[in-house]
Amino acid sequence: MNRFSLILGAPCQGTIKLIDNMRIEFLADNYHLSGIIEKWYKDEWYQYYGLGGSGDARKEIRGCCNRDKLPIVLVATDNDAIYGTVALKMKSASHTNLTPWLTALYVAPEMRGKGVGRQLVEYIEKLAIELGYRRIYARSGTAVDFFKRLGWSPFDKTMFQGKELTIFGKDIVP
């Protein structure tokens, strides 16, 4: 049975409908899950975080353990199980003049298609509003239709590490 749950506390206030007992919380309050997230980053974005890549997943994750300033990582959890993660960061490698960015959206394969990604995106949007942002950005090469369904508008394309990415923006304050 679904339930409503107060999640995150300050700075975000309010509720969001969750699946089963899932909670969306700050990574800062669940750092014991960081090893799983590091593995996900390395598996999903191997060219960047894997051997020979320029990214350092462990360092980035450690730097995102904030609650009231960017960068912030949120996790979808059910007790000690982790279903997915998403980050809100100041910049992107491709469009340095735009801020902030929804990044590192990842949902465990067994949880895909169950609304976890949608809930993570909706809560990052809510968090961005609470932090004073009116518009946010994202980029993806694989989730283009997903972002469109959630009301994000594509406005550019770019090549990054040999892959074409679509750049999205979304006004989050009417």
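1. Two strands count as paired here if DSSP finds at least two bridges between them. With that in hand, welcome to this predicted model. Strand β4 (residues 72-78) and β5 run antiparallel and are joined by 7 bridges.

2. On to another partner of β5. Strand β6 (residues 101-107) pairs with β5 over 5 bridges, again in the antiparallel sense. Here L88 has L102 in β6 as its bridge partner.

3. How much of β5 is buried? Of its 9 residues (81-89), 8 are buried, so the rest of the structure largely encloses this strand.

4. A glycine is also worth a visit. G50 sits in the loop between α2 (46-49) and α3 (57-63). Its relative accessible area is 11%, and buried means under 20%, so G50 counts as buried. K39 is 11 residues away from G50 along the chain, and 9.6 Å separates their C-alpha atoms.

5. Finally, please explore the largest pocket, which holds about 1300 Å³ of space. Its lining has 42 residues, and W45, T103, A104, L105 and R139 lie nearest the centre. Two or more lining residues come from each of α2, β6, α4 (116-130), β7 (135-140), α5 (144-149) and β9 (163-171). Which element gives the largest share of the lining? That is β6, with 7 residues. By class, the lining has 23 nonpolar, 10 polar and 9 charged residues.

Notes:
Residues numbered from 1 in each chain as written. Predicted model: local features only at pLDDT ≥ 70, side-chain atom pairs only at ≥ 80, totals over all residues. Heavy atoms only, no water. Buried < 20%, exposed > 50% of the residue type's maximum accessible area, 1.4 Å probe, protein only. Helix = DSSP H or I, 4+ residues; strand = E, 2+ residues; numbered from the N terminus. 1 Å grid on protein atoms, 1.4 Å probe; cavity = no way out; pocket = protein on both sides within 12 Å on 5 of 7 lines; lining within 4 Å. Points joined across faces, edges and corners; volume = space filled by probe spheres on them. Nonpolar A, V, L, I, M, F, W, Y, C, P; charged D, E, K, R; others polar.
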